[in-house]
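Here is a short briefing on one protein chain. Points are grouped by topic.

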Amino acid sequence: MEIKRDFYLDKLIRKMNNGFIKVITGIRRSGKSYLLNTIFYNYLIESGVDEERIIKFAFDSGDDLLKIGEDLLDLDILSGERLVDPKKFLDYIKDKAQTKDKYYILLDEVQLLASFEQVLNGFLRQDNFDVYVTGSNSKFLSKDIITEFAGRGDEIHVMPFSFSEYMQTTSIDKEDAFAEYQVFGGLPALCSMDSDEDKMNYLKTQLDNVYLRDIVNRYDIRSDSELAELLNVLASGMSSLTNPSKIEATFESSKQTKISANTIDKFIEYFEDSFILKRAYRYDVKGRKYIGTPYKIYFEDVGLRNARLNFRQIEPTHLMENIIYNELRHRGYMVDVGVVMTREKDKNDKDVRKQREVDFIANLGTKRYYIQSAYSLPSAEKAEQEKKSLLNIDDSFKKIIIVKDRVKAFLDDNGIVTINLFDFLLNKDSLDTII
């Protein structure tokens, strides 16, 4: 089956012929190659581009490498000491692109090409070349890959399947589908697996043998056990406020291990650069400033997070919050954790300052939404508790509570909207179209 990834396809279409190298980044196995070589390629053909003017080349394909006189078995991929000869590849491109017509060059696993940065920068000087690339090693997964192209790279970040994309892969109802999605996540390969055992083994294997190995190899980490143990701690505390000092104390008290806050901060940055997880920083809504620490950790894919904990810690409230966070990012929003400073009376009727949390502040251009994730609102007291921080925000941007409860979207007297989780996840325009 073909899963339509229209959000990313639309991005590629908008960026066509803009004079930049289009760099498709994302965690391994998130569907980057399929997006470029199938979905975007088919779009080019259907829009009237002659097949002869689309040059596809996969540097991990034995058949493609034979076209330029290279053998996949001769390459030393892991060390990078023996990669594809750039001269052979450039001769191939020169032979394919002999006219001044526009050529679309789609390159997969480009990190296997020696001196690929120089080759791609050379393409930028060709007015009739429009270049798109993907890559899957730790260097190419890094968030700063765009700097390799002297400021002329344009990033399209691909995430694992959102829940609405995941629903295209199954015939079961949304409730059952969500129960699976919150456990196994949205890596595309899982959609072809029937048994839970196969899915669990796949996720654990990818995490240990691919994602973590990439980081260890790239940064030459000697104690990979500390890296793995830190990921366990972060996975266990997902969506909770934390910082390196707090984690350092956790290692000392619970793990009987000494690892400095500086090392912890550095390792978290490695995880972020490889798109395994992301830090959501706190923003003081009234003070209009960021608060450096503590911050929250969310995983790019909840299935990988669960796999790290051997599927022992399946907490619906935290997983729902992570899924909402990823959905907002999938839609292009910049997402922060909100803090609202208030003055309230304590039990002795004294004025005290309190920090109230807003789960998410989602920004996109001139749009802003304040969002609370509440798995269930079983009582009026619980509903009022969730609303307290929102009621203390005095601007006119929309304030929303997303609940797993079966409710029809409604607006209360304070202007706060409550919406069902599935109405939010399955309608990409839900934030704009709700009351």
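Strand 7 is mostly covered, with 6 of its 8 residues buried. The model is a predicted one.

**Strand 7 and its partners**

- Strand 7 pairs with strand 8 (residues 289–299) in the antiparallel sense, over 7 bridges.
- Within that pairing, Lys-278 has Tyr-298 of strand 8 as its bridge partner.
- The hairpin of strand 7 and strand 8 has 4 residues between the strands. There, Arg-288 takes a positive phi near 55 degrees.
- Strand 7 also runs parallel to strand 9 (residues 334–345), joined to it by 3 bridges.
- On that side, Tyr-283 stands opposite Gly-338 in strand 9.
- Strands in a sheet pair through backbone hydrogen bonds, in either a parallel or an antiparallel sense.

**Arg-282**

- Arg-282 is part of strand 7, which spans residues 277–284.
- Is Arg-282 buried or exposed? Its relative accessible area is 5%, and the cut-off for buried is under 20%, so Arg-282 counts as buried.
- Which side chains make polar contacts with the side chain of Arg-282? Gln-355 does, at 2.9 Å. Glu-357 does too, at 2.8 Å.
- Gln-355 and Glu-357 are also in the list of residues that Arg-282 touches, leaving aside those up to four places away in sequence.
- That list includes Lys-289, Tyr-290, Ile-291, Thr-293 and Pro-294. It also includes Leu-241, Val-337 and Val-339.

- An open sheet is formed by 5 strands, in the order 2-3-4-1-5, with parallel pairing.
- Strand 2 (54–58) and strand 5 (153–157) are at the edges. Each has a single partner strand, so one side of each has no neighbour in the sheet.
- From one strand to the next, the twist averages 15 degrees.
- Strand 1 (residues 21–25) and strand 5 run parallel and are joined by 5 bridges. Here Ile-24 has Ile-156 of strand 5 as its bridge partner.
- Strand 2 pairs with strand 3 over 5 bridges, in the parallel sense. The partner of Ile-54 in strand 3 is Tyr-104.
- Strand 3 pairs with strand 4 in the parallel sense, also over 5 bridges. The partner of Tyr-104 in strand 4 is Asp-130.

- How many residues of strand 3 are buried? The count is 6 of the 6, so strand 3 is largely enclosed by the rest of the structure.
- In a regular strand, side chains alternate between the two faces of the sheet.
- Strand 3 is covered on both faces. Tyr-103, Ile-105 and Leu-107 are buried on one side. Tyr-104, Leu-106 and Asp-108 are buried on the other.
- Helix 5 (residues 116–123) lies across strand 1, strand 3 (103–108) and strand 4 (129–134). Its angle to strand 4 is about 155 degrees.
- Strand 3, helix 5 and strand 4 together make a β-α-β unit, and this unit is right-handed.

**Nonpolar cores**

- In soluble globular proteins, nonpolar side chains tend to be buried together.
- The largest nonpolar core has 74 residues. Those with the most contacts inside it are Leu-230, Ile-268, Phe-271, Leu-328, Ile-371, Ile-400 and Ile-402.
- Which helix gives the most to this core? Helix 9 (residues 196–219) does, with 8 residues.
- Phe-271 touches Leu-212, Ile-215, Leu-227, Leu-230, Leu-231, Leu-234, Ile-276 and Leu-277, not counting residues up to four places away in sequence.
- A second, separate core has 29 residues. Val-23, Leu-65, Leu-75 and Phe-116 are among them.

**Asn-326**

- Asn-326 sits in helix 14 (residues 316–330).
- Asn-326 is buried, with a relative accessible area of 11%.
- Asn-326 touches Met-159, Phe-299, Glu-300 and Asp-301, not counting residues up to four places away in sequence.
- From Asn-326 to Leu-107 the C-alpha to C-alpha distance is 27 Å, and they are 219 residues apart in sequence.

Methods:
Residues are numbered from 1 along each chain as its sequence is written. This is a predicted model: local features need pLDDT of at least 70, side-chain atom pairs count only at pLDDT 80 or more; totals for chains, interfaces and linings use all residues. Side-chain values use heavy atoms; hydrogens and water are left out. Two strands pair if DSSP finds at least two bridges between them. Helices (H or I, at least four residues) and strands (E, at least two) are DSSP runs, numbered from the N terminus. Axes are lines fitted to C-alpha atoms, for helices over the stretch in contact, and angles run from 0 to 180 degrees between N-to-C directions. Contact means heavy atoms within 4.5 Å. A nonpolar core is a set of buried Ala, Val, Leu, Ile, Met, Phe, Trp, Tyr and Cys residues joined through side-chain atoms within 4.5 Å. Buried means under 20% relative accessible area, exposed over 50%, partly exposed in between (1.4 Å probe, protein chains only). A polar contact is a pair of N or O atoms within 3.5 Å; within protein, one must be able to donate a hydrogen and the other to accept it, and residues adjacent in sequence count only if both atoms are side-chain atoms. A crossover is right-handed if, with the strands pointing away from the viewer, the path from the first strand over the helix to the second runs clockwise.
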